[in-house]
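Here is a friendly walk through one protein chain, from its overall fold down to a few individual residues. Have a look at the structure first, and then read on.

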Amino acid sequence: MTRMQPHLHVHDDHDHAVCRHAHDHRAHAAEALARAERICRERGLRLTPIRAKALEALHADHRPVGAYDLADRISPAGGRRLAPISIYRALDFLVEQGFVHRLSSRNAYIACLHGHGADEVVAFLICEACGGVDEDSSPAMKKAVAAIAETRQFSPSHQVVEIVGRCEHCRENRA
């Protein structure tokens, strides 16, 4: 992932400052949504209204979102809240297709901005201060994880690394 140009963003507890993960989500959301629609057509799959709404809602936030919070966000205004099973089915589909990632440590979901393959090793840099998440992968990381797995004669089915710390924005604006 390349370093993005600084843009203004407000965190809940910060003044305007550089926030790369918020910028990345805003800058790439439309492209990622269009890619998901195209991939579903190519695979003969349906991006149902609930799946599309869930994906759009996840792209609207640069922080991981839990299933119940997602249900609140996409349920019709003034109407009944969508059933949790409907949300989980939509999320399962979106994860299976590679459009969304589940962050185990947060029991929450984040939209995938990249079109990487299922065998990619993905690292998530999770800011413990603002909750923002950056996603990254590299050939070097993939090689390192493959070497570890091979040494242990382990066959990975899911390759996600979650790294918790403080993002650049929060480190620079620490009180």
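## How helix angles are named

Please keep in mind that the model you are looking at is predicted.

## The chain as a whole

The chain holds 6 helices and 7 strands.

Of the 175 residues in the chain, 38% are buried. The accessible surface comes to about 10400 Å², and carbon and sulfur atoms account for 51% of that surface. If you take the contacts between residues at least 6 apart in sequence, 55% of them join residues at least 24 apart.

## Helix 4 and its neighbours

Two packed helices are described by the angle between their axes and the distance between the axes. For helix 2 (residues 49–59) and helix 4, the angle is about 75° and the axes are 9 Å apart. These two helices are therefore roughly perpendicular to each other. On the helix 2 side, the contact is made by Ile-50, Arg-51, Ala-54, Leu-55 and Leu-58. Helix 4 contributes Ser-86, Ile-87, Ala-90, Leu-91, Phe-93 and Leu-94.

Helix 4 also packs with helix 3, here at an angle of about 105° and with the axes 9 Å apart. That angle lies within 65 to 115 degrees, so helix 3 and helix 4 are again roughly perpendicular. Ala-67, Tyr-68, Leu-70, Ala-71 and Ile-74 of helix 3 make this contact with Pro-84, Ile-87, Tyr-88 and Leu-91 of helix 4. Ile-87 and Leu-91 are named in the contact with helix 2 and in the contact with helix 3.

## Rings at the helix contacts

How many aromatic pairs are there? The count comes to 1 aromatic pair. The ring centres of Tyr-68 and Tyr-88 are 6.5 Å apart and the planes stand at 80°, so the pair is edge-to-face; the cut-off for that label is over 60 degrees. Tyr-68 belongs to helix 3 (residues 67–74) and Tyr-88 to helix 4 (residues 84–96), so the pair, 20 residues apart, links distant parts of the chain.

Are these two tyrosines buried, exposed or partly exposed? Tyr-68 is partly exposed at a relative accessible area of 45%, and Tyr-88 is partly exposed at 28%.

## Residues to look up in the loops

Most residues other than glycine have a negative phi, and most peptide bonds are trans. Asn-107 is not a glycine, yet its phi is positive, about 45°. You will find Asn-107 in the loop between strand 3 (100–103) and strand 4 (108–111), partly exposed with a relative accessible area of 45%.

Gln-153, likewise not a glycine, has a positive phi of about 50°. Its place is the loop between helix 5 (139–151) and strand 7 (160–165). With a relative accessible area of 77%, Gln-153 is exposed.

## A stop in helix 1

Glu-37 lies in helix 1 (residues 20–43) and is partly exposed, at a relative accessible area of 40%. Glu-37 and Leu-47 are 10 residues apart in sequence, while the C-alpha to C-alpha distance between them is 6.7 Å.

Conventions:
Residues are numbered from 1 along each chain as its sequence is written. This is a predicted model: local features need pLDDT of at least 70, side-chain atom pairs count only at pLDDT 80 or more; totals for chains, interfaces and linings use all residues. Side-chain values use heavy atoms; hydrogens and water are left out. Rings of Phe, Tyr and Trp (its six-membered ring) pair if their centres lie within 6.5 Å; planes under 30 degrees apart count as stacked, over 60 as edge-to-face and the rest as tilted. Helices (H or I, at least four residues) and strands (E, at least two) are DSSP runs, numbered from the N terminus. Buried means under 20% relative accessible area, exposed over 50%, partly exposed in between (1.4 Å probe, protein chains only). Contact means heavy atoms within 4.5 Å. Accessible areas come from the Shrake-Rupley method with a 1.4 Å probe; for residues, only the protein chains shown count as cover. Axes are lines fitted to C-alpha atoms, for helices over the stretch in contact, and angles run from 0 to 180 degrees between N-to-C directions. Angles under 35 degrees count as roughly parallel, over 145 as roughly antiparallel, 65 to 115 as roughly perpendicular and the rest as oblique.
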